[in-house]
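Me: I would like to go through the labels attached to this structure and ask, for each, what value stands behind it. Please set the value against its cut-off before you conclude.

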Amino acid sequence: MSVLARSIGNAFRNKVRTAAVVAVLAVAIGLALAMLVANQAVAGKVAELNASVGTVLTVNPAGGQGFEGGGEPLTAEQAATAAAVPNVSTVVGTKALRLRNAAEVAAQTGTQAGAGGPGGQGGAAGPGSQSATAVTTSLTAAVDAGTLGNRNQAATGSTGTSGSSTAPAFSVPVTATGIGAEVDTTGKALALTQGTGLGDYTAASTGALLGTTLAEKNGLSVGSTFTIKDQSFTVAGLFDAGTAFGNNALYLTLPTAQTLADLPGELSTMVVTVNSMENVDAAKTALQAALGTDKADVSQGQRNLQTAVSSLGSVKNISFIAFVAALATAGLIILLIMVMLVRERRREIGVLKAIGAPNRTIGLQFVLEALVLVAMGSVVGAAVASFASGGIASALISSNTATAAATTGRRGQGFPGGVPGGAGFPGGNPLGGANQLLTSVTASASPGVIAGGIAAVFGVAIIGALVPALLTARIRPIEVLRGE
Amino acid sequence: MIEVKNLVRTFKSGDRTITPVNDVSFELEQGTLASIVGKSGSGKSTLLSLLGALDKPTSGDVLVNGVSLAGMPDGQLTEYRRRDIGFVFQQFNLIPNLSALDNVMLPMEFAGIRKAARQERARHLLEQVQLDPDKHVRRINRLSGGEQQRVAIARALANAPKLILADEPTGNLDEQTGEHIIELLSSLSRNHNTTILVVTHDRSLANKTDRRFRLQQGQLTEEAARSRIAAASPA
Ligand SMILES: Nc1ncnc2c1ncn2[C@@H]1O[C@H](COP(=O)(O)OP(=O)(O)O)[C@@H](O)[C@H]1O
Ligand SMILES: [Mg+2]
């Protein structure tokens with residue numbers, strides 16, 4: 001009979017107690033592993049968020065944003081300047097237009113005879129809309145004006161009514177954005193649900209990408225045609241932005257939008273991607289300096305997201321602390337159990353010493369016994385963890401993004417606030433697709449993670465068994481043999 | 001050959017010091033069966049544990065074939081217990097969840113003897129103490145007291161020690177079983193040339209030994225020597 005065989009036998013001397021010890025160890029080890037897995041999942045998520053969204057800067061005309069504010073529009077030359085700034089990897093220009101339903105515009109101008117000038121442009125020519133241009137379309141908005149739409153429209157005074165107290169029926173415009181790459185106005189890749197992209201986004205094209213609800217409202221699908229400014233466009237694909245506001249929109253290639261607005265080379269915004277997270281702050285400063293504070297406003301689109309990232313970071317820390325705590329608990333359990341077992345077998349240690357057992361053999365015997373217990377606890381615990389960790393990780397992340405959502409507030413929908421339409425103030429679901437991504441994080445335990453966690457428990461078990469066993473073995477045998 | 005020289009062991013309990021072993025000296029030739037009698041608490045167990053290196057003397061020395069235990073490092077004392085000493089205790093002190101065979105094999109495992117050799121010798125030793133090695137592979141605590149003590153004796157013989165120290169080996173056994181155990185020890189000392197020192201307070205058992213000592217107030221005195229032949233031959 002070897003030391004190992006004897007240790008295994010000893011581990012099962014008291015079967016009820018062994019079962020209880022293994023169960024408690026399994027819970028602690030399972031929890032520790034689940035926390036480690038959660039920690040990894042969150043760490044992975046943070047890295048992913050940093051990598052994808054965290055490196056995007058948004059450039060708006062100085063003093064203007066979307067259809068609000070004032071100042072001078074951005075130009076193609078400024079895009080070239082931005083692209084030359086160190087650490088800037090890509091610059092994507094956008095040109096936003098507001099499309100009004102042609103039939104409605106005709107009806108409105110009819111009822112408002114004599115209201116010429118900007119009034120003829122429908123709702124788009126308000127005081128703050130230099131960077132966008134209103135044009136007519138065959139499309140009908142997917143959003144009803146409702147209270148907010150009418151209130152917003154009244155606030156912008158855009159109909160140019162001359163003393164008329166009864167405002168005519170108003171409909172929400174459709175936002176058309178010319179984009180220089182297949183990204184939305186926050187620099188995030190478009191989520192196409194049907195069809196294809198527009199190919200070369202820097203060339204004129206009659207293709208368009210429509211939001212799902214907009215296409216549905218107008219009975220359009222991939223391949224259907226519609227008109228903007230009496231020109232025919234073909235639906236090349238459908239996208240889902242995740243919000244009603246975001247889906248009442250369409251995307252064109254940048255030159256197409258600029259041509260439709262009769263403003264070639266003019267940009268509403270520039271989406272600037274920096275090559276790495278560390279360079280974002282420096283690049284932002286450099287970009288602002290290169291473009292001039294009087295010409296452009298550079299903002300860090302993910303500033304708000306950083307709150308999410310930092311709160312995810314705190315989840316990461318909490319889960320790590322919980323991992324350490326659960327591990328320490330497992331260690332404490334095995335430590336106390338081994339102290340108890342050694343005390344209980346003091347006399348036996350004396351007998352082993354009397355018949356010539358070296359201290360190291362006695363130490364080894366208890367270490368192996370502890371390892372047998374921990375091994376069983378780990379196997380059961382790993383099974384528990386593999387069931388629990390996915391749930392724990394997503395619970396941690398989703399509950400955390402709920403708090404993050406509260407703090408991120410008005411994260412850019414691209415046109416914050418001032419859009420006359422049903423979007424109101426963006427912020428209902430500020431993280432949009434990111435939220436979905438976050439909650440869908442399923443913690444998958446890498447073998448290295450599991451091994452690391454278990455190795456730590458084994459380490460504690462070895463010390464927990466060795467210390468009391470050796471302390472007892474070093475006493476003169478007669479003292480333990482005599483008993484108390 | 002065991003030489004005990006001016007052995008002293010004192011204990012402090014509170015502010016009182018007791019000296020159960022007070023300047024004890026004697027010698028035992030190899031192969032002697034000796035006994036120590038004395039009242040309970042007279043220090044018999046204390047003396048035995050000093051001889052077996054389970055305890056360290058306050059002063060004095062024990063020499064085993066001329067080698068002094070005093071100042072020997074713990075590692076060597078462990079080796080001394082393993083190689084030169086066999087213990088037999090009043091409470092048997094077998095490892096409860098091991099079989100008889102495994103118990104007897106244990107000291108040989110510590111001595112690094114190969115498994116097959118251990119097993120063969122353990123079976124042989126169990127046969128010597130009149131136990132069936134095949135029958136007694138089962139758990140120790142199902143054996144009777146006499147059987148357990150015989151397993152303990154087989155275990156004490158495992159590494160062929162020079163000296164067997166038996167502390168009241170018959171104390172937990174009935175008279176007849178006790179007699180058997182003493183006879184067993186007696187025949188072992190004769191057949192294996194093993195020195196055996198038995199502590200007992202049973203006079204009739206002590207009378208069967210070659211040399212009889214009495215421990216009283218920490219002092220060891222020897223009673224009149226008897227011849228081995230006289231002790232061995234039935235009246
Ligand atoms: N570790 C100890 N601490 C204090 N007193 C002890 C210790 N060991 C033994 N004694 C005392 O020494 C005396 C002799 O004990 P012991 O050798 O066990 O006697 P015996 O075996 O003859 O009955 C007793 O009075 C006992 O209480
Ligand atoms: Mg005693």
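Reply: A crossing counts as right-handed if the near helix is turned clockwise from the far one by less than a right angle, and as left-handed if the turn is anticlockwise. In this predicted model, α5(B) passes α6(B) in a right-handed crossing.

Me: Why are α5(B) and α6(B) called roughly parallel to each other?

Reply: The helix α5(B) and helix α6 of chain B, residues 175-192, pack at an angle of about 15°, with their axes 10 Å apart. Angles under 35 degrees count as roughly parallel, and α5(B) and α6(B) are therefore given that description.

Me: Which residues make the contact between α5(B) and α6(B), and what is the make-up of this contact by class?

Reply: From α5(B) come B:Gly146, B:Gln149, B:Arg150, B:Ile153 and B:Leu157, while α6(B) supplies B:Thr177, B:Ile181, B:Leu184, B:Leu185 and B:Leu188. By class, the contact has six nonpolar, three polar and one charged residues, where Gly is counted among the polar ones.

Me: What makes the phi of B:Asn6 worth a remark, and is B:Asn6 buried, partly exposed or exposed?

Reply: Phi of B:Asn6 is near 45°, which is a positive value in a residue other than glycine. B:Asn6 is placed in strand β1 of chain B, residues 2-13. Buried means under 20% relative accessible area and exposed means over 50%; B:Asn6, with a relative accessible area of 43%, is therefore called partly exposed.

Me: Where does B:Gln130 lie, and why does B:Gln130 get the exposure label that it has?

Reply: B:Gln130 is found in the loop between α4 (115-128) and α5 of chain B, and has a positive phi of about 60° although it is not a glycine. The relative accessible area of B:Gln130 is 55%, and since exposed means over 50%, B:Gln130 is called exposed.

Me: What share of chain B counts as buried, and how many helices and strands does chain B have?

Reply: Of the 235 residues in chain B, 53% are buried, that is, under 20% relative accessible area. Chain B has eight helices and ten strands. Its accessible surface comes to about 10400 Å², and 46% of this belongs to carbon and sulfur atoms.

Me: What are the corresponding values for chain A, in helices and strands and in the share of buried residues?

Reply: Chain A has 15 helices and 15 strands, and 49% of its 484 residues count as buried. Among contacts in chain A between residues at least 6 apart in sequence, 82% join residues at least 24 apart.

How values were computed: Residues are numbered from 1 along each chain as its sequence is written. Chains are lettered from A and ligands numbered from 1 in the order in which they are written. This is a predicted model: local features need pLDDT of at least 70, side-chain atom pairs count only at pLDDT 80 or more; totals for chains, interfaces and linings use all residues. Side-chain values use heavy atoms; hydrogens and water are left out. Helices (H or I, at least four residues) and strands (E, at least two) are DSSP runs, numbered from the N terminus. Buried means under 20% relative accessible area, exposed over 50%, partly exposed in between (1.4 Å probe, protein chains only). Contact means heavy atoms within 4.5 Å. Axes are lines fitted to C-alpha atoms, for helices over the stretch in contact, and angles run from 0 to 180 degrees between N-to-C directions. Angles under 35 degrees count as roughly parallel, over 145 as roughly antiparallel, 65 to 115 as roughly perpendicular and the rest as oblique. Accessible areas come from the Shrake-Rupley method with a 1.4 Å probe; for residues, only the protein chains shown count as cover.
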